[in-house]
Amino acid sequence: MKTVIFIPARYASTRYPGKPLVTLKGATGEAKPLIQRAWEAAKQVKGADAVYVLTDDDRIREAAEGFGADVLMTSDNARNGTERCAEGVSQLPEAPEVVVNLQGDAPLTPPWFVEALMAAMDDPSVQMATPVLKCDHETLSNFVSDRQAGRVGGTTAVLRRDGNAIYFSKEVLPYVGNLETPPDVWHHVGVYAYRPAALADYMSWDEGPIERAEGLEQLRFLENGASVTCVPVEAPGRVFWELNNPVDVARIEGVLKKEGIA
């Protein structure tokens with residue numbers, strides 16, 4: 001296999017326990033669990049050779065197998081999705097060239113986001129990459145209102161001029177003093193692509209203080225001097241939002257209805 005998509009999912013989320021099995025109603029009123037909607041998004045990606053749900057929880061495994069997903073059981077020692085992906089690679093008959101981590105809380109991820117990421121990995125010098133999306137006014141307003149209310153919402157990225165990441169944060173960076181004339185703010189999209197060697201390096205490093213403080217797994221690469229290539233993507237007329245808090249259910253259901261996604 002050249003490219004495999006993994007969807008890591010764990011039940012014991014600190015901020016939102018049981019999140020992968022939270023149901024979301026689509027445009028027709030049909031309710032599907034979050035993990036199914038993430039899997040359906042992954043299945044729309046062109047060029048992927050296989051899609052697997054990775055979990056350490058039998059409830060998620062049973063739900064995923066129930067809607068037809070292939071499942072790999074990983075250990076409960078994995079502290080984040082990247083570590084879970086590294087475990088998943090070890091269970092495959094042979095290592096793929098590229099591993100895509102499509103996080104299970106991002107069911108609105110358009111397939112072209114992932115396809116753009118896979119295209120970026122055609123450059124052999126790129127060891128790890130992730131998409132970023134310039135915030136529209138609605139998304140930026142949601143970010144700011146979440147932080148003002150003390151909620152942790154989406155993640156922002158700060159980029160170097162060459163497109164590599166300087167930093168990722170759950171704060172809104174750079175500082176937004178006025179929503180009428182805001183600076184460019186990049187929304188980090190919860191998808192990653194790695195070479196298997198980059199995953200092996202990741203597993204050899206200890207969790208760092210910045211990763212621990214932010215709760216963002218990709219910061220381990222930056223803390224150890226590895227480059228994270230940011231791939232700008234666009235979603236004209238479409239709102240991208242992740243399910244981080246219960247308030248996000250209504251936001252995502254609104255987009256599903258607007259986009260006619262059953």
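The legends below describe close-up views of a predicted model.

Residues are numbered from 1 along each chain as its sequence is written. Local features need pLDDT of at least 70, side-chain atom pairs count only at pLDDT 80 or more, totals for chains, interfaces and linings use all residues, and side-chain values use heavy atoms, leaving out hydrogens and water.

**View 1. The largest nonpolar core has 52 residues.** A nonpolar core is a set of buried Ala, Val, Leu, Ile, Met, Phe, Trp, Tyr and Cys residues joined through side-chain atoms within 4.5 Å; buried means under 20% relative accessible area, exposed over 50% and partly exposed in between (1.4 Å probe, protein chains only). Ile-5, Ile-7, Val-53 and Val-100 touch the most other members. Helix α1 (residues 34-43) supplies the largest share, five residues; helices (H or I, at least four residues) and strands (E, at least two) are DSSP runs numbered from the N terminus. Another core, of 28 residues, lies apart from it and includes Val-4, Tyr-52, Leu-199 and Tyr-202.

**View 2. Helix α4 (residues 111-120) has buried residues Pro-111, Phe-113, Val-114, Leu-117 and Met-118.** Seen down the axis of α4, these fall within an arc of 160 degrees, so they line one face of the helix; the arc is that of the directions from the helix axis to the C-beta atoms. Their cover includes β1 (3-9), β6 (98-102), β7 (128-134), β11 (191-194) and β12 (229-233). Beyond its neighbours within four places in sequence, Val-100 has contacts (heavy atoms within 4.5 Å) that include Val-114 and Met-118.

**View 3. Trp-39 and Phe-67 form a tilted aromatic pair.** Rings of Phe, Tyr and Trp (its six-membered ring) pair if their centres lie within 6.5 Å; planes under 30 degrees apart count as stacked, over 60 as edge-to-face and the rest as tilted. Here the values are 5.2 Å centre to centre and 50 degrees between the planes. Trp-39 lies in helix α1 and Phe-67 in the loop between α2 (58-66) and β5 (70-73), so the pair ties together parts 28 residues apart in sequence. Both Trp-39 and Phe-67 are buried.

**View 4. Trp-205 and Phe-221 form an edge-to-face pair.** The centres are 6.0 Å apart, with 90 degrees between the planes. Trp-205, in the loop between α6 (196-204) and α7 (209-214), is 16 residues from Phe-221 in helix α8 (residues 219-223). Relative accessibility is 19% for Trp-205 and 2% for Phe-221. Ring pairs link both into a cluster with Tyr-192, Tyr-194 and Tyr-202.
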